[in-house]
Amino acid sequence: MTAPVVLVTGATGTVGPHVVAALSDRAVTVRSAVRDPEAVPDELAAAGTAVEFDFAKPETWGAALADVDGVFLVRPPAVDEADLKAFVDAVGRVGVDRVAYLSTLGAEKNVLVPHHRIEKRIAATGVDYTFLRASFFVQNLLEVHRADVVERDEIFVPAGRGETSFVDARDVGEAAAVVLTESGHADRAYDLTGPEALDYEQVAAVFSDVLGRPITYPNPSLLAFARRMRRRGTPLGFVVLTCGIYTTARLGLADRVTDDCRRLLGRRPRRMRAFVEDHADDFARDS
Ligand SMILES: NC(=O)c1ccc[n+]([C@@H]2O[C@H](COP(=O)([O-])OP(=O)(O)OC[C@H]3O[C@@H](n4cnc5c(N)ncnc54)[C@H](OP(=O)(O)O)[C@@H]3O)[C@@H](O)[C@H]2O)c1
(Lines give C-alpha, C1' and ligand atoms only; values in the text may rest on other atoms or scores of the structure.)
Protein backbone atom coordinates (compact mmCIF):
# COMPACT_ATOMS: atom_id res chain seq x y z
CA MET A 1 0.00 0.00 0.00
CA THR A 2 1.36 3.45 -0.88
CA ALA A 3 1.59 6.11 1.83
CA PRO A 4 -1.19 8.70 1.76
CA VAL A 5 -0.23 12.13 0.44
CA VAL A 6 -1.16 15.14 2.56
CA LEU A 7 -0.91 18.72 1.33
CA VAL A 8 -0.02 21.15 4.14
CA THR A 9 -0.93 24.78 3.53
CA GLY A 10 0.70 27.47 5.68
CA ALA A 11 3.63 25.04 5.97
CA THR A 12 6.06 27.82 6.92
CA GLY A 13 3.62 29.51 9.34
CA THR A 14 2.86 29.10 13.04
CA VAL A 15 1.17 25.68 13.05
CA GLY A 16 2.12 24.27 9.62
CA PRO A 17 5.71 23.21 10.46
CA HIS A 18 4.41 21.16 13.40
CA VAL A 19 1.83 19.48 11.17
CA VAL A 20 4.58 18.60 8.70
CA ALA A 21 6.82 17.21 11.46
CA ALA A 22 4.02 15.17 13.05
CA LEU A 23 2.82 13.78 9.70
CA SER A 24 6.30 12.75 8.63
CA ASP A 25 6.53 10.70 11.87
CA ARG A 26 3.37 8.88 10.73
CA ALA A 27 4.47 7.37 7.42
CA VAL A 28 2.67 10.00 5.38
CA THR A 29 4.04 11.57 2.21
CA VAL A 30 4.03 15.27 3.06
CA ARG A 31 3.69 17.94 0.41
CA SER A 32 4.34 21.45 1.77
CA ALA A 33 2.42 24.16 -0.08
CA VAL A 34 4.59 27.28 -0.14
CA ARG A 35 4.78 30.39 -2.26
CA ASP A 36 8.53 29.98 -2.82
CA PRO A 37 9.73 26.34 -2.89
CA GLU A 38 13.34 27.54 -3.29
CA ALA A 39 13.19 29.23 0.12
CA VAL A 40 11.83 26.44 2.34
CA PRO A 41 13.67 25.88 5.62
CA ASP A 42 15.85 22.74 5.81
CA GLU A 43 13.50 20.92 8.25
CA LEU A 44 10.61 21.25 5.80
CA ALA A 45 12.71 20.15 2.85
CA ALA A 46 13.85 17.09 4.83
CA ALA A 47 10.30 16.15 5.84
CA GLY A 48 8.80 15.95 2.34
CA THR A 49 8.52 17.79 -0.93
CA ALA A 50 7.65 21.46 -1.39
CA VAL A 51 5.30 22.59 -4.12
CA GLU A 52 4.64 26.12 -5.34
CA PHE A 53 1.23 27.22 -4.09
CA ASP A 54 -0.54 30.53 -3.70
CA PHE A 55 -4.19 30.98 -2.67
CA ALA A 56 -4.29 34.03 -4.94
CA LYS A 57 -2.98 32.07 -7.98
CA PRO A 58 -5.40 29.31 -9.05
CA GLU A 59 -2.87 28.22 -11.68
CA THR A 60 -0.73 26.78 -8.82
CA TRP A 61 -3.56 24.68 -7.32
CA GLY A 62 -3.67 21.80 -9.84
CA ALA A 63 -0.09 20.56 -9.28
CA ALA A 64 -0.43 21.08 -5.54
CA LEU A 65 -3.62 18.99 -5.34
CA ALA A 66 -2.60 16.22 -7.78
CA ASP A 67 -3.07 12.78 -6.17
CA VAL A 68 -3.58 14.28 -2.72
CA ASP A 69 -5.50 12.25 -0.10
CA GLY A 70 -5.68 14.85 2.66
CA VAL A 71 -5.32 18.61 3.10
CA PHE A 72 -4.34 20.63 6.15
CA LEU A 73 -6.01 23.94 5.43
CA VAL A 74 -5.02 27.27 6.94
CA ARG A 75 -6.38 30.66 6.06
CA PRO A 76 -3.35 32.96 6.35
CA PRO A 77 -4.69 36.22 7.82
CA ALA A 78 -3.71 38.27 4.75
CA VAL A 79 -5.43 35.97 2.24
CA ASP A 80 -8.67 37.11 0.71
CA GLU A 81 -11.68 35.12 1.93
CA ALA A 82 -13.01 34.74 -1.63
CA ASP A 83 -9.70 33.17 -2.76
CA LEU A 84 -9.77 30.79 0.17
CA LYS A 85 -13.35 29.74 -0.61
CA ALA A 86 -12.51 29.19 -4.27
CA PHE A 87 -9.68 26.90 -3.18
CA VAL A 88 -12.08 25.02 -0.87
CA ASP A 89 -14.36 24.42 -3.86
CA ALA A 90 -11.36 23.13 -5.86
CA VAL A 91 -10.51 20.72 -3.03
CA GLY A 92 -14.10 19.44 -3.24
CA ARG A 93 -13.90 18.99 -7.00
CA VAL A 94 -10.66 16.95 -7.08
CA GLY A 95 -11.97 14.33 -4.68
CA VAL A 96 -9.69 14.68 -1.66
CA ASP A 97 -10.59 12.19 1.11
CA ARG A 98 -10.34 14.55 4.09
CA VAL A 99 -9.62 18.10 5.13
CA ALA A 100 -8.47 19.36 8.52
CA TYR A 101 -9.18 23.08 8.81
CA LEU A 102 -7.45 25.33 11.34
CA SER A 103 -10.34 27.33 12.71
CA THR A 104 -10.78 29.43 15.81
CA LEU A 105 -12.48 28.81 19.14
CA GLY A 106 -16.13 29.81 18.98
CA ALA A 107 -16.25 30.01 15.15
CA GLU A 108 -19.49 28.02 15.06
CA LYS A 109 -21.35 30.81 16.90
CA ASN A 110 -19.45 33.91 15.79
CA VAL A 111 -20.78 35.02 12.41
CA LEU A 112 -18.30 37.91 12.33
CA VAL A 113 -15.19 35.76 11.85
CA PRO A 114 -14.28 34.43 8.39
CA HIS A 115 -13.74 30.98 9.91
CA HIS A 116 -17.51 30.69 10.44
CA ARG A 117 -18.20 31.08 6.73
CA ILE A 118 -15.22 29.00 5.64
CA GLU A 119 -16.32 26.09 7.86
CA LYS A 120 -19.73 26.19 6.16
CA ARG A 121 -18.12 26.23 2.73
CA ILE A 122 -15.95 23.22 3.59
CA ALA A 123 -18.95 21.27 4.93
CA ALA A 124 -20.81 21.99 1.68
CA THR A 125 -18.11 20.26 -0.43
CA GLY A 126 -19.07 16.83 0.90
CA VAL A 127 -15.41 16.05 1.71
CA ASP A 128 -14.85 14.51 5.18
CA TYR A 129 -13.78 17.42 7.34
CA THR A 130 -12.44 18.06 10.80
CA PHE A 131 -12.48 21.56 12.23
CA LEU A 132 -9.71 22.32 14.69
CA ARG A 133 -11.06 25.32 16.58
CA ALA A 134 -7.98 26.57 18.35
CA SER A 135 -7.71 28.93 21.28
CA PHE A 136 -5.09 31.71 21.36
CA PHE A 137 -1.60 30.45 20.48
CA VAL A 138 1.13 30.90 23.10
CA GLN A 139 3.38 31.56 20.10
CA ASN A 140 1.78 35.02 19.74
CA LEU A 141 3.82 36.04 22.78
CA LEU A 142 6.95 35.34 20.75
CA GLU A 143 5.83 36.36 17.27
CA VAL A 144 3.99 39.58 18.20
CA HIS A 145 5.06 40.61 21.71
CA ARG A 146 8.70 39.55 22.05
CA ALA A 147 10.07 43.11 21.81
CA ASP A 148 8.15 44.20 24.94
CA VAL A 149 9.65 41.33 26.91
CA VAL A 150 13.25 41.71 25.74
CA GLU A 151 13.39 45.52 25.68
CA ARG A 152 11.11 46.48 28.59
CA ASP A 153 10.53 43.36 30.70
CA GLU A 154 6.79 43.70 30.06
CA ILE A 155 3.89 41.74 28.66
CA PHE A 156 2.06 44.61 26.96
CA VAL A 157 -1.40 43.46 25.80
CA PRO A 158 -4.79 45.12 26.42
CA ALA A 159 -6.49 42.06 27.91
CA GLY A 160 -7.47 43.56 31.28
CA ARG A 161 -7.90 40.87 33.94
CA GLY A 162 -9.45 38.39 31.53
CA GLU A 163 -8.15 34.84 31.34
CA THR A 164 -7.12 32.99 28.15
CA SER A 165 -6.95 29.21 27.62
CA PHE A 166 -3.67 29.48 25.63
CA VAL A 167 -2.83 26.53 23.36
CA ASP A 168 0.60 25.65 22.03
CA ALA A 169 0.81 25.57 18.21
CA ARG A 170 2.96 22.44 18.53
CA ASP A 171 0.01 20.63 20.10
CA VAL A 172 -2.36 21.94 17.43
CA GLY A 173 0.01 20.59 14.76
CA GLU A 174 0.13 17.16 16.40
CA ALA A 175 -3.66 17.10 16.74
CA ALA A 176 -3.96 17.87 13.02
CA ALA A 177 -1.74 14.90 12.18
CA VAL A 178 -3.95 12.66 14.34
CA VAL A 179 -7.19 13.66 12.63
CA LEU A 180 -5.62 13.43 9.17
CA THR A 181 -4.26 9.92 9.68
CA GLU A 182 -6.62 8.15 12.09
CA SER A 183 -10.25 7.18 11.67
CA GLY A 184 -13.22 8.48 13.64
CA HIS A 185 -12.75 12.21 13.07
CA ALA A 186 -14.89 12.77 9.96
CA ASP A 187 -17.33 15.69 10.13
CA ARG A 188 -16.32 16.63 13.64
CA ALA A 189 -15.06 19.75 15.36
CA TYR A 190 -12.60 19.94 18.24
CA ASP A 191 -12.05 22.86 20.58
CA LEU A 192 -8.29 22.90 21.11
CA THR A 193 -7.17 24.68 24.28
CA GLY A 194 -4.30 24.32 26.67
CA PRO A 195 -4.76 22.70 30.09
CA GLU A 196 -5.32 25.98 31.99
CA ALA A 197 -6.70 29.51 31.61
CA LEU A 198 -4.36 32.27 32.78
CA ASP A 199 -4.71 36.03 33.05
CA TYR A 200 -1.72 38.11 31.95
CA GLU A 201 -0.66 38.78 35.54
CA GLN A 202 -0.21 35.02 35.84
CA VAL A 203 1.51 34.85 32.45
CA ALA A 204 3.97 37.54 33.58
CA ALA A 205 4.60 35.53 36.78
CA VAL A 206 5.47 32.43 34.70
CA PHE A 207 7.85 34.52 32.56
CA SER A 208 9.49 36.02 35.68
CA ASP A 209 9.95 32.62 37.27
CA VAL A 210 11.39 30.93 34.18
CA LEU A 211 13.53 33.83 32.91
CA GLY A 212 14.85 34.75 36.37
CA ARG A 213 14.04 38.46 36.10
CA PRO A 214 10.85 40.41 36.89
CA ILE A 215 8.45 40.64 33.95
CA THR A 216 5.44 42.85 34.64
CA TYR A 217 1.96 43.19 33.20
CA PRO A 218 1.07 46.92 33.13
CA ASN A 219 -2.51 46.16 32.01
CA PRO A 220 -2.51 48.82 29.26
CA SER A 221 -5.60 50.36 27.75
CA LEU A 222 -6.55 49.54 24.16
CA LEU A 223 -5.41 53.02 23.15
CA ALA A 224 -1.97 52.71 24.78
CA PHE A 225 -1.52 49.32 23.15
CA ALA A 226 -2.60 50.55 19.72
CA ARG A 227 -0.26 53.55 19.97
CA ARG A 228 2.74 51.37 20.82
CA MET A 229 2.01 48.92 17.99
CA ARG A 230 1.65 51.75 15.49
CA ARG A 231 4.89 53.41 16.71
CA ARG A 232 6.60 50.09 16.01
CA GLY A 233 5.27 50.20 12.43
CA THR A 234 2.61 47.49 12.80
CA PRO A 235 0.02 47.85 10.01
CA LEU A 236 -3.27 49.39 11.17
CA GLY A 237 -5.34 46.38 10.04
CA PHE A 238 -3.30 44.04 12.23
CA VAL A 239 -3.55 46.43 15.21
CA VAL A 240 -7.36 46.51 14.85
CA LEU A 241 -7.53 42.72 14.55
CA THR A 242 -5.33 42.29 17.62
CA CYS A 243 -7.37 44.79 19.64
CA GLY A 244 -10.50 42.79 18.77
CA ILE A 245 -8.89 39.56 19.95
CA TYR A 246 -7.73 41.09 23.25
CA THR A 247 -11.14 42.66 23.81
CA THR A 248 -12.59 39.15 23.68
CA ALA A 249 -10.15 38.15 26.43
CA ARG A 250 -10.88 41.37 28.36
CA LEU A 251 -14.58 40.50 28.38
CA GLY A 252 -13.82 37.07 29.83
CA LEU A 253 -14.80 35.21 26.65
CA ALA A 254 -11.45 33.47 25.99
CA ASP A 255 -11.13 31.35 29.11
CA ARG A 256 -12.86 28.10 28.16
CA VAL A 257 -10.69 25.05 28.82
CA THR A 258 -11.60 21.79 27.09
CA ASP A 259 -10.36 18.22 27.13
CA ASP A 260 -10.24 17.81 23.32
CA CYS A 261 -6.48 18.28 22.97
CA ARG A 262 -5.73 15.70 25.66
CA ARG A 263 -8.12 13.22 24.07
CA LEU A 264 -6.59 13.62 20.60
CA LEU A 265 -2.97 13.60 21.76
CA GLY A 266 -3.33 10.97 24.48
CA ARG A 267 -1.43 13.24 26.88
CA ARG A 268 -1.85 16.55 28.64
CA PRO A 269 -1.31 19.52 26.29
CA ARG A 270 1.69 21.76 26.95
CA ARG A 271 1.42 24.44 29.61
CA MET A 272 2.55 28.08 29.25
CA ARG A 273 5.54 27.24 31.41
CA ALA A 274 6.87 24.67 28.90
CA PHE A 275 6.64 27.21 26.10
CA VAL A 276 8.59 29.87 28.03
CA GLU A 277 11.21 27.31 29.07
CA ASP A 278 11.65 26.16 25.47
CA HIS A 279 12.04 29.78 24.29
CA ALA A 280 13.98 31.24 27.21
CA ASP A 281 16.86 32.24 24.90
CA ASP A 282 14.48 34.11 22.58
CA PHE A 283 13.16 36.10 25.55
CA ALA A 284 16.60 36.91 27.04
CA ARG A 285 17.09 40.62 27.89
CA ASP A 286 18.57 42.71 25.07
CA SER A 287 22.07 43.69 26.18
N1 LIG B 1 -2.81 33.32 16.22
C2 LIG B 1 -3.71 32.71 16.98
O3 LIG B 1 -3.69 32.79 18.21
C4 LIG B 1 -4.78 31.88 16.31
C5 LIG B 1 -5.65 31.12 17.11
C6 LIG B 1 -6.64 30.34 16.49
C7 LIG B 1 -6.74 30.32 15.10
N8 LIG B 1 -5.86 31.07 14.37
C9 LIG B 1 -5.99 31.02 12.91
O10 LIG B 1 -4.87 30.32 12.40
C11 LIG B 1 -4.67 30.74 11.05
C12 LIG B 1 -3.19 31.00 10.86
O13 LIG B 1 -2.84 32.19 11.53
P14 LIG B 1 -1.32 32.56 11.78
O15 LIG B 1 -1.33 33.97 12.24
O16 LIG B 1 -0.68 31.52 12.63
O17 LIG B 1 -0.75 32.55 10.30
P18 LIG B 1 0.42 31.74 9.71
O19 LIG B 1 0.13 30.28 9.63
O20 LIG B 1 1.70 32.09 10.40
O21 LIG B 1 0.41 32.36 8.22
C22 LIG B 1 1.52 32.49 7.46
C23 LIG B 1 1.60 31.30 6.48
O24 LIG B 1 0.69 31.54 5.42
C25 LIG B 1 1.36 31.37 4.19
N26 LIG B 1 0.79 32.28 3.20
C27 LIG B 1 0.66 33.62 3.31
N28 LIG B 1 0.07 34.11 2.20
C29 LIG B 1 -0.17 33.05 1.38
C30 LIG B 1 -0.74 32.93 0.09
N31 LIG B 1 -1.19 33.98 -0.61
N32 LIG B 1 -0.83 31.70 -0.44
C33 LIG B 1 -0.36 30.61 0.21
N34 LIG B 1 0.20 30.67 1.44
C35 LIG B 1 0.30 31.89 2.02
C36 LIG B 1 2.81 31.65 4.49
O37 LIG B 1 3.55 30.91 3.56
P38 LIG B 1 4.77 31.43 2.68
O39 LIG B 1 5.00 32.87 3.07
O40 LIG B 1 5.91 30.54 3.01
O41 LIG B 1 4.32 31.23 1.30
C42 LIG B 1 2.95 31.11 5.91
O43 LIG B 1 3.21 29.73 5.87
C44 LIG B 1 -5.55 31.96 10.81
O45 LIG B 1 -6.68 31.60 10.09
C46 LIG B 1 -5.92 32.38 12.24
O47 LIG B 1 -7.16 33.05 12.29
C48 LIG B 1 -4.88 31.82 14.93
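Mentor: What follows is a quick chat about the overall fold and a few residues of this predicted model.

Trainee: What box do the C-alpha atoms fill?
Mentor: Roughly 55 × 35 × 35 Å, taken along the principal axes.

Trainee: What percentage of the residues count as buried?
Mentor: Of the 287 residues, 51% do.

Trainee: Switching to the surface. Which residues gather in the patch of negative charge?
Mentor: Asp 36, Glu 38, Glu 52 and Glu 59 come together there.

Trainee: Let me pick Glu 52. Where is Glu 52 found?
Mentor: Glu 52 sits in strand β3, which covers residues 49-52.

Trainee: Why does Glu 52 count as partly exposed?
Mentor: Because its relative accessibility is 40%, and partly exposed runs between the 20% limit for buried and the 50% limit for exposed.

Trainee: New topic: backbone angles. What is the phi of Asp 67?
Mentor: Asp 67 has a positive phi of about 60°, although it is not a glycine. You'll find Asp 67 in the loop between α3 (61-65) and β4 (70-73).

Trainee: Is Asp 67 buried or exposed?
Mentor: Asp 67 is exposed, with a relative accessible area of 69%.

Trainee: What about Asp 153, what's the phi there?
Mentor: Asp 153 has a positive phi of about 55°, and it isn't a glycine either. Asp 153 belongs to the loop between α7 (146-152) and β7 (163-164).

Trainee: And is Asp 153 buried or exposed?
Mentor: Asp 153 is buried, at 16% relative accessible area.

Trainee: Last one, Arg 213. Where does Arg 213 lie?
Mentor: Arg 213 is in the loop between α9 (200-211) and α10 (222-231).

Trainee: How far apart are Arg 213 and Val 167?
Mentor: In sequence, Arg 213 and Val 167 are 46 residues apart; in space they are 24 Å apart, C-alpha to C-alpha.

How values were computed: Residues numbered from 1 in each chain as written. Predicted model: local features only at pLDDT ≥ 70, side-chain atom pairs only at ≥ 80, totals over all residues. Heavy atoms only, no water. Patch = residues over 30% accessible without salt bridge, like charges linked within 9 Å, V, L, I, M, F, W, Y side chains within 5 Å. Areas by Shrake-Rupley, 256 points an atom, 1.4 Å probe, with all protein chains shown as cover. Salt bridge = Lys/Arg side-chain N within 4 Å of Asp/Glu carboxyl O. Lys, Arg positive; Asp, Glu negative; His and termini not counted. Charge placed at Lys NZ, Arg CZ, Asp CG, Glu CD. Helix = DSSP H or I, 4+ residues; strand = E, 2+ residues; numbered from the N terminus. Buried < 20%, exposed > 50% of the residue type's maximum accessible area, 1.4 Å probe, protein only.
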